[in-house]
Amino acid sequence: MEMINSIGRRKASTARIYVVKGSGKITVNGKDYKDYFPMAITQDAIVDPLKIAESESIYDIKVTVVGGGFKGQSEAIRMAISRSLVKINEDMKKPLKDKKYLTRDSREVERKKFGKPKARKSFQFSKR
């Protein structure tokens, strides 16, 4: 197996990953994923597709992620890992699709409009 790459996106985050055969090491922007994401929820989001595919210690994954916050970044990585697992083994498409790991969640923050304190909120109306 040669190097397989894929892209995942979520909110304002974009993750590019490179998958090769190895010992199960995951590095995010040059750090171990447990150091980059100290919260257990975000760590679980990254490892979930590998657990479903039962291949936690088979592939080495190198991730470059930019933009957004920690939750958007971890879910972008999850999507990229899921896409690469489907490239490796087409049989993994059904279980990953059932968990919605292959679906792009395109919800982003709405921009603030002028004359308003937030995107849609208005200032209190005074009749007199």
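A few ground rules come from how the values were made. Residues are numbered from 1 along each chain as its sequence is written, and side-chain values use heavy atoms, with hydrogens and water left out. Since this is a predicted model, local features need pLDDT of at least 70 and side-chain atom pairs count only at pLDDT 80 or more, while totals for chains, interfaces and linings use all residues.

Let's start with the sheet. Helices (H or I, at least four residues) and strands (E, at least two) are DSSP runs, numbered from the N terminus. Five strands make an open sheet, in the order β1-β2-β5-β3-β4, and the pairing is mixed. The edges belong to β1 and β4 (31-32), each with a single partner strand, so one side of each has no neighbour in the sheet. Two strands count as paired if DSSP finds at least two bridges between them. By that rule, β1 (residues 4-10) and β2 (residues 13-21) are antiparallel partners joined by seven bridges, with Gly 8 opposite Ala 15. On to the next pair: eight bridges link β2 to β5, again antiparallel, and here Arg 16 faces Thr 64.

In a regular strand the side chains alternate between the two faces of the sheet. Buried here means under 20% relative accessible area, exposed means over 50%, and partly exposed is in between (1.4 Å probe, protein chains only).

The hairpin of β1 and β2 has two residues between the strands, and Lys 11 there takes a positive phi near 55°. Lys 11 is partly exposed, at 41% relative accessible area. Lys 100, in the segment after α4, also has a positive phi, near 65°; this residue is exposed, at 60%.

Next comes helix α2 (residues 40-52). Buried residues of α2 include Thr 42, Ala 45, Ile 46 and Pro 49. The buried residues of this helix pack against β3 (26-28), α1 (33-36), β5 (59-66), α3 (70-88) and α4 (93-98), where contact means heavy atoms within 4.5 Å. Just after α2, Glu 54 takes a positive phi of about 55°.

Helix α3 lies across β1, β2, β3 and β5, running at about 145° to β1. The axes are lines fitted to C-alpha atoms, for helices over the stretch in contact, and angles run from 0 to 180 degrees between N-to-C directions.

Finally, the core. A nonpolar core is a set of buried Ala, Val, Leu, Ile, Met, Phe, Trp, Tyr and Cys residues joined through side-chain atoms within 4.5 Å. The largest one has 24 residues, of which Val 28, Ile 61, Val 63, Ile 77 and Ile 81 touch the most other members. Helix α3 gives the most to this core, with six residues. Leaving aside neighbours within four places in sequence, Val 63 contacts residues including Ala 15, Ile 17, Val 28 and Ile 77.
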